[in-house]
Amino acid sequence: MGAGTENVPPFIGAQLSHLLSHSRLTLKIDQLWSSDKYNSGLIDRFTLLIPYCLDFIKWDIIFDAESPNVAPDVIFGPEDEHFHPFHMSPPSVEPNNNNNNSSLLSDWNYKDPKCLLNFIQFLRDQYVLYQAKRVGEVDDDRLKFEISTIVSREGLEMHMCSFVDKSEEVKFAVPLLDMNINKMVSGCPWRQSQKIYLQVVYPVGRKYMSAPSAPRLKLVSSSELKALYSIDDVKLPPWLNGMCLAEYLPNLEEYLEKQVLEAVSLIDVRRQFIEALADELGRPVEADPVFCRKATFLSASGVLTFLVHFVIPTQFPKQQPVIMLQSSQVLFAPFF
């Protein structure tokens, strides 16, 4: 779990380690602290950062170091004072399921390291429903229509954003591309599934506007995806007057699918380039075996022996590789 956790009781440490290593999401610990600062100093509470709608929500998880059999309390953010996860359930769930959810607390077993993971997953699933309910209650005809056209999309998340100094907004995180990018990369090192999302932000309740303005649009991807494909240079299609999200998404997804497939094919192009270099420079000292983005060769000129580092962009051969020479005496500046 990192530095500063030596005072975490073993039963909390086991729960926390299992949570961080087995969650389907990339969870983060913001801070850890103790409820007893003057005596034992045992750390029994922490702030958990949970990915939601392309941002993070902060929840304080409160254990009692002296009562391991007691389930932790959770303090949600101040903006979520009406979030009551054990008093809501989706329409498709049978009423008896609510009792099963309550057992997450009543049957808490500190010896089972999965308890905290199951608890946090349940709370987040309920939070998704809670935010969808809040957004669905907004008195905005345009938003209601947009939601009705994309609500069936798997993995869709939405968030009601309230501000002191400006109008409310609704933010959507729309997952794109029904394809498993991880399986497309041989020897894929990624633990989390790589995704591309469209972030869509709508202003709420501007009924005085004669024509609805275009929402704010932004592509967001998992950070590790950049080793294969970067969305930074993607130019989004224009949003036409009168367009809705359900009309906008197909063209965008078709374009991105072609881009991702091309990015996967370029791995072999870079691999062939490294193999061609090996014919001239000999076997590489080291090389990136998965994405073929880097390779280092040992070379010599007269009495000087040096390393030749190649950094190959994802857009190679459209973009040139960066080459750097390194000796034990001097480091040469990179050149093309």
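The lining of the largest pocket has 13 nonpolar, nine polar and 11 charged residues. Here Ala, Val, Leu, Ile, Met, Phe, Trp, Tyr, Cys and Pro count as nonpolar, Asp, Glu, Lys and Arg as charged, and the others, Gly among them, as polar. The model is predicted: local features need pLDDT of at least 70, side-chain atom pairs count only at pLDDT 80 or more, and totals for chains, interfaces and linings use all residues. Residues are numbered from 1 along each chain as its sequence is written, and side-chain values use heavy atoms, without hydrogens or water.

A pocket is an open set of points on a 1 Å grid over the protein atoms alone, where a 1.4 Å probe fits, with protein on both sides within 12 Å along at least five of seven lines; lining residues have an atom within 4 Å of a point. A volume is the space filled by probe spheres set on the points, which are joined across faces, edges and corners.

| Pocket | Volume |
|---|---|
| Largest pocket | about 1,200 Å³ |
| Second largest pocket | about 290 Å³ |

In the largest pocket, L25, S193, K195, Y197 and S222 lie closest to the centre. Strand β6 gives the largest share of its lining, three residues. Strands (E, at least two residues) are DSSP runs, numbered from the N terminus.

The second largest pocket has 17 lining residues. Strand β3 gives the most, four residues.

Elsewhere, four strands form an open sheet in the order β9-β10-β11-β12, with antiparallel pairing. Strands pair if DSSP finds at least two bridges between them. Six bridges join β11 to β12.
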